Amino acid sequence: MKSMKDMQDRKPPSVEDCFYGTSTIGERGQVVIPAEARAALGMNPGDKVLIMRDPVKDGIMMFKIDAARDFLEDLRRILEHAEKDMEGEDR
């Protein structure tokens, strides 16, 4: 699992690095995830994904469940650290 420190040290990907091509929605609502995207993101047959609507734009976001869980766990740790820092300031 990558830590938030690891993520802070990385340069954010460019827009070009995040674009994997296009796909067409089939009659049954299915979308093919391009092979390059699956490889880069470690998505394999049988993986569970979380599908979310973008809260501002007309679009969707997809995350592997494990990636979303890891992100939320990192966020929980950051919040705990921030709360401890705030407690120390109150003294």
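The model is a predicted one. In it, aspartate 66 is partly exposed, because its relative accessibility is 47% and a residue counts as buried only under 20% and as exposed only over 50%. The side chain of aspartate 66 forms a salt bridge with that of arginine 69, at a distance of 3.1 Å from N to O. Both residues belong to helix α4, where a spacing of three residues places them about one helical turn apart.

## Overall architecture

The chain contains four helices and two strands. Read from the N terminus, these elements follow the order α-α-α-β-β-α. The chain has 91 residues, and 5% of them count as buried.

## Salt bridges

Seven salt bridges are counted in the model. One of them joins the side chains of lysine 64 and aspartate 47, with 3.7 Å between N and O. Lysine 64 belongs to strand β2 (residues 60-64), whereas aspartate 47 sits in the loop between α3 (35-41) and β1 (49-53), so this contact ties together parts that are 17 residues apart in sequence. Aspartate 47 has a relative accessible area of 32% and is therefore partly exposed.

Another salt bridge connects aspartate 74 to arginine 77, at 2.8 Å from N to O. These two residues are also in helix α4, three positions apart, and are thus separated by about one helical turn. Arginine 77, at 36% relative accessibility, is partly exposed. Aspartate 74 and arginine 77 are also members of a salt-bridge network that includes Glu73, Arg76 and Glu80.

## Nonpolar surface patch

Which residues make up the nonpolar surface patch of about 450 Å²? The patch is formed by Phe71, Leu72, Leu75, Ile78 and Leu79. Phenylalanine 71 is located in helix α4, which spans residues 65-90. With a relative accessible area of 45%, phenylalanine 71 is partly exposed; this value is over the 30% that a residue needs in order to be part of a patch.

## The largest pocket

The largest pocket holds about 1,200 Å³ of space. Its lining consists of 32 residues, and those nearest the centre of the pocket are Arg10, Leu41, Met62, Phe63 and Ala67.

Several elements contribute to this lining: α2 (15-18), α3, β1, β2 and α4 each provide at least two residues. Which element gives the most to the lining of the largest pocket? That element is α4, with five residues. By residue class, the lining of the largest pocket comprises 22 nonpolar, three polar and seven charged residues.

## Helix α4 in summary

How values were computed
Residues are numbered from 1 along each chain as its sequence is written. This is a predicted model: local features need pLDDT of at least 70, side-chain atom pairs count only at pLDDT 80 or more; totals for chains, interfaces and linings use all residues. Side-chain values use heavy atoms; hydrogens and water are left out. Patches are made of residues with over 30% relative accessible area and no salt bridge: like charges are joined within 9 Å, nonpolar side chains (Val, Leu, Ile, Met, Phe, Trp, Tyr) within 5 Å. Accessible areas come from the Shrake-Rupley method with a 1.4 Å probe; for residues, only the protein chains shown count as cover. A salt bridge is a side-chain nitrogen of Lys or Arg within 4 Å of a carboxyl oxygen of Asp or Glu. Buried means under 20% relative accessible area, exposed over 50%, partly exposed in between (1.4 Å probe, protein chains only). On a 1 Å grid over the protein atoms alone, a cavity is a set of points where a 1.4 Å probe fits but cannot get out, and a pocket is an open set with protein on both sides within 12 Å along at least five of seven lines; lining residues have an atom within 4 Å of a point. Grid points are joined across faces, edges and corners, and a volume is the space filled by probe spheres set on the points. Ala, Val, Leu, Ile, Met, Phe, Trp, Tyr, Cys and Pro count as nonpolar, Asp, Glu, Lys and Arg as charged, and the others, Gly among them, as polar.
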